[in-house]
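Hi,

Here is the structure I promised to pass on to you.

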Amino acid sequence: MKSFSAIALLATLVIGPAVKPGTAMAQGQTLIFNTEEWFPYNYAKGDSVVGTATELVKRIASKAGIPYTITLGPWNRSYNNALTLPNHCVYSTNITEERRPLFKWVAPIENARWVVYKKKGSLIEAKSLEDLRNRVFGGYLGDAIATYLKNNDFKVEEAASDHINPRKLEAGRIDVWATYDASGLKLAQDSEVEIELVLPIRDNELGLACNKMVDDNAVMAMQKALNELNASGEADAIRKSKL
């Protein structure tokens with residue numbers, strides 16, 4: 001897996017389909033879909049951005065007649081672009097109560113399980129997060145899990161990106177690692193660090209979060225497209241392809 005420094009330089013772009021006359025964005029600007037390296041939802045493969053969420057976002061935009069580009073970069077930058085810049089969106093974005101009023105949403109795109117891992121062989125055990133109250137969690141800047149833990153007064157040491165945390169766990173710089181089930185296993189494998197599950201935290205929906213200045217008609221057209229993909233079973237088939 002590429003490091004975030006490499007991803008930032010990569011700035012991979014995927015050009016979307018030409019907009020059809022009369023569609024919601026026919027007179028508007030191209031939407032920029034920001035994302036991060038997060039297997040299996042969105043990640044770099046060669047010169048393209050792929051993953052289950054990426055495939056869904058591309059099909060949604062195509063079905064809605066929305067011109068777009070996809071750019072891959074560090075999460076903090078991708079998130080802040082969508083928060084502050086017109087015609088920018090970001091995926092795959094955890095939908096939380098804090099974030100919900102900040103964006104216009106197309107959701108749910110995907111689902112993610114929040115979990116806590118420990119180094120293999122560690123004696124740490126827990127039946128709930130409260131049992132880990134005195135432990136130091138590893139997280140990463142701008143991530144929803146890290147924000148959730150900090151808001152609930154847990155001790156979180158935030159790395160620049162999540163791929164750093166397996167090594168921190170192995171070195172004892174953090175006690176446990178709060179991350180996502182599938183991507184956590186992949187990052188640990190890439191770092192050659194053996195981990196074990198402590199406990200799941202919760203399942204959370206992911207969406208396409210768009211700047212508040214994005215045209216309402218474009219957002220509604222994309223939501224309608226997602227609803228149709230869900231109803232036809234096409235969206236679920238894409239989601240299951242990661243298993």
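Are F137 and F154 buried or exposed? F137 is buried, and F154 is buried too, where buried means under 20% relative accessible area, exposed means over 50% and partly exposed lies in between (1.4 Å probe, protein chains only).

Before the rest, a word on the source. This is a predicted model, in which local features need pLDDT of at least 70, side-chain atom pairs count only at pLDDT 80 or more, and totals for chains, interfaces and linings use all residues. Residues are numbered from 1 along each chain as its sequence is written, and side-chain values use heavy atoms, with hydrogens and water left out.

The protein chain averages a pLDDT (the predictor's confidence in each residue, from 0 to 100) of 90, and 88% of the residues score at least 70.

Now to the aromatic rings. The structure holds 10 aromatic pairs, counting rings of Phe, Tyr and Trp (its six-membered ring) whose centres lie within 6.5 Å; planes under 30 degrees apart are stacked, over 60 edge-to-face, and the rest tilted. The F39 and Y43 rings are a tilted pair, because their centres are 5.2 Å apart and their planes stand at 55°. For F137 and F154, the centres are 5.5 Å apart and the planes at 80°, so this pair is edge-to-face. F137 lies in strand β8 and F154 in the loop between α4 (144-151) and β9 (155-159), so the pair ties together parts that are 17 residues apart in sequence. Helices (H or I, at least four residues) and strands (E, at least two) are DSSP runs, numbered from the N terminus.

Finally, take a look at strand β10 (residues 176-180), where 5 of its 5 residues are buried. β10 pairs with β7 (residues 104-119) in the antiparallel sense over 4 bridges, and V115 stands opposite T179. With β8 (residues 136-140), β10 pairs in the parallel sense over 2 bridges; there, W177 is the bridge partner of G138. Strands pair if DSSP finds at least two bridges between them.

Best wishes
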